Amino acid sequence: MAASADARPDPDQWLKQLDDTENAARRGRLRIYFGASAGVGKTYAMLSAARAQREQGVDVVAGIVETHGRRETAELIEGLEFLPPQSISYRDRTLQEFDLPGALQRKPRIILVDELAHSNVPGARHAKRWQDVEELLDAGIDVWTTLNVQHLDSLNEAVGGITGVKVWETVPDAVFDAADEVILVDLSADELLRRLKEGRVYLPEQAQRAGSNFFRKGNLIALRELALRRTADHVDDDVRAYRDERAIEPVWRTRETVLACIGPGPQAAHVVRSAHRLARQLECDLHVITVTTPRIAALPPARQLLLEQAMALAEQLGARIEILAGDNPTEVIARYIRRHNISKAVVGRDELRSRSSAWIGALLGGVWSRRRGSLAEALVRACPDVDIVRIAATAAPEPQRELVSPEPDEAAAPVSRYGYAWAAIYCAIATLVSSIAFPALHQTNIVMFYLLAVVAAALRHGRGPAALAAAVSVGLFDFFFVQPLWSFAVSDVQYLLTFAVLLGVGLLIGQLTAGLRAQAESSAKREADTRGLYEFARELSSALLAEQIVGSAESFLKAAFNAQSVLYVQKLDDQLHMAPKPVGMPDPDSALAQWAFDHGQAAGIGTTTLSNSPILYLPLRAPMRVRGVLALDASKRALYAEPETRRQLDAYATLIAIALERLHYVEVAQQALVGIESERLRNSLLAAVSHDLRTPLTGLIGMADTLARHAAELPAPARETVQAMRDQAKRMHALVINLLDMARLQSRETPLRREWQSIEELVGASLASMKESLAGRPVMVDRLSDLPLVECDGVLIERVLCNLLENAAKYTPPGSPIHIGATMHGQALQVAVSDRGPGVPPSERERIFEKFTRGASESSTPGVGLGLAICQAILQAHRGRIWVDTDYHLGARFVFCLPLGTPPALEPE
């Protein structure tokens, strides 16, 4: 019956499965054709499967399909119903996008939506195509789509590090993980390169560029491995979900996972290290668990400290640790193995076999031996489909440092002596009652009084007094109620069997009763601890100030552990600030608290770091980072050596850290809101002032030009004054234009006018605009005609080049050369403007792009430090970036990059 009760499903889990099933019935199914890169055949495979469904009478519609000029792919679209695209006007152009409203109105059984990571044109309902897919799924429409591994959010940086190409269009991993089907479309690197050369991936010009950058064999092999691993992870999740849904208990060896089972013994750390080595050899996950039973809970703190050290070691090694509870460790471990589909379990030698167990085994023989076999043997019987690895004992036990010397418990010894004394008193009371009832009651009934005394001793005082009561009961029963009376002699040999049964039953009842008592006390303690944590979490959830968190932590820790505490809280300046210290608490060591904060490790008493300190320092680890330090001073030193108490302390520290992190982000959000409003107000003010200045400045420049045309009629000083007035008015006009541009770019109200531009023409236009500023300087320009077209706002990119050239002219000696070059780098075009000036100090390479930041070495030409800030804003709007080249040492070199797209095919003349 116990086994069936343990195997009974959790009602909450059943309700969750019912909810998931109901939601899945209403929601469409998502199928993703997943590949390592473009050209492996994802769209081809999707269209082939769609045609097969169409032939079977399924309502299939092609919502959006990108053929990329591939003839084989285009032929598969024939015969499929194609949803007309939606026309969206953007920057004086009409672009075609997926028609989401039309798809929802048509509502087919299956719709094909190619390129899941695609970014929609501004003006569409959603910014990303995967958001369109989510709405289709919510409407109950099945969606088939395609995705490359480099577009997964979590792998984006890894792919960028491998290929050197930054991919801007990404899909959240949650979308991929929630897919009902993931079909891997795989192709070897050699075959993909062959297809690229044949022009079956890109057009010839694009294929040549791709082959020299992204489509290198090493890149393709690495991307293929990432795609295979990510698909395997998704399939593993599907296997677990299927096993949970079907309540399948046997382990399926689809993936290696190592489990280490440890107990409170000197071999625990050895088992963890051995399991970790095995997991590293197999390149799989490691789980470390321990099962707390009443017998383990009764062990001395020194033994339990060994378990705590082993669990801490497992956490340092990156294992997933669990602390489970139960009466039968074998059943608890077996359930864990089945739930997590563990393939290998590592155990050590049994170290909790007490002398009483050995004595009972010798007494009862084979039956007890079969019942009390080793943990490894029990797991072999309980999990026949799992590899059980039993670790050999070390040659010598590992030296263990006792972090806190156990202090003698002043109340423990008297209570223990009183327990044995009360056991003797219970036996005396049983003898007195039996003597009154004897000979009216037979000896067999008299025995019951002594069994009651054993039960009372076990229930009130534990196993030791119960064992004493059992032995004393046999002696008193023999002395007072067995012939000859008042003697320990036995006239009838049959009474020896009565004595043996009485002693055995007394010992057994005493052990069982004491075990039930220990379980009840343990359950009550766990319930009290859980309630304390719940009330503490509820109190913290309503805290709106750090002072409220400090007050709640101090009161709850005092009530739970009878300990005084003080918090070190990290403020927005990233410095630790100590809260007010309770009266009577020793002064904490701020340096030790800072060490615990910096290293994220506990320090002080009960740890391996400055254990002579009387205070324990616990880092407050939140999900994002360490938020502070909890300093705890307990009156009872042995408190720090109890593993259960340390786990409780860690739980309280985690709750405090989460509450502090919540308040931190509330403060950050408030400051960000204030900053946004301040920035908006400043931009509005700058735009208004600049607008008001623009008209009079234009008139002033016009009047200066008019006077300059009659310069011959003016005296020389007047001509110089007119020229200076004209130059200053033009500089002020340029400053006003910069202010207006910055306000416009940051408001994001003006869309970019993207067109396919030649970088050679943009450089030429910028040089023409800066002709006066660059007079007398040699400007060298590399050959730019071989570079591909780039889709950008030509006016804004020309402004970037003009600002960089103006900086080079301002901050370099007169007559020094300027160099302009451009190269292909992966899927991006990099443009560099170099000079022979003083360069940019390393400490200023990031700050120089901030607004109103000026160089340290300036000429007499005025400025307000907006040029580079405008460059950065323009390039960010183009999904590019700008930086200072750290490898150039002849002066300053500013490099900016623009992402390359697929230019339209040029019609032959």
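Two strands pair if DSSP finds at least two bridges between them. Helices (H or I, at least four residues) and strands (E, at least two) are DSSP runs, numbered from the N terminus. The model is predicted: local features need pLDDT of at least 70, side-chain atom pairs count only at pLDDT 80 or more, and totals for chains, interfaces and linings use all residues. Residues are numbered from 1 along each chain as its sequence is written, and side-chain values use heavy atoms, with hydrogens and water left out.

**Exercise 1. Work out the strand order of the sheet that holds β16, and find which residue of β17 is the bridge partner of G604.**

Step 1. Trace the sheet: 5 strands make an open sheet, ordered β15-β14-β18-β17-β16, with antiparallel pairing.

Step 2. Look at its edges. β15 (576–578) and β16 (603–604) each pair on one side only.

Step 3. Follow β16 to its partner. β17 (residues 616–621) runs antiparallel to β16, and 2 bridges join them. G604 has L616 as its bridge partner in β17.

Step 4. Helix α23 (residues 546–561) lies across β14 (563–570) and β18 (626–634), at about 150° to β14. Helix α24 (residues 590–599) lies across β14, β15, β16, β17 and β18, at about 135° to β18. Angles run from 0 to 180 degrees between N-to-C directions, and axes are lines fitted to C-alpha atoms, for helices over the stretch in contact; contact means heavy atoms within 4.5 Å.

**Exercise 2. Describe how helices α28 and α29 pack.**

Step 1. Begin with the geometry: the axes of α28 (residues 794–810) and α29 (residues 867–877) come within 9 Å and cross at roughly 150°.

Step 2. From α28 come L796, I797, R799, V800, N803, L804 and N807; from α29 come G867, L868, I870, C871, I874 and L875.

Step 3. Sort them: the contact has 9 nonpolar, 3 polar and 1 charged residues. Here Ala, Val, Leu, Ile, Met, Phe, Trp, Tyr, Cys and Pro count as nonpolar, Asp, Glu, Lys and Arg as charged, and the others, Gly among them, as polar.

**Exercise 3. Is strand β7 buried or exposed?**

Step 1. Count: 7 of the 7 residues of β7 (residues 142–148) are buried, so the strand is largely enclosed by the rest of the structure. Buried means under 20% relative accessible area, exposed over 50%, partly exposed in between (1.4 Å probe, protein chains only).

Step 2. Check both faces. D142, W144, T146 and N148 point one way, V143, T145 and L147 the other way, and all are buried.

Step 3. Look for partners. β1 (residues 30–35) runs parallel to β7 through 6 bridges, with F34 bridging to L147. β6 (residues 110–113) also pairs with β7 in the parallel sense, over 4 bridges, and L112 has W144 as its bridge partner.
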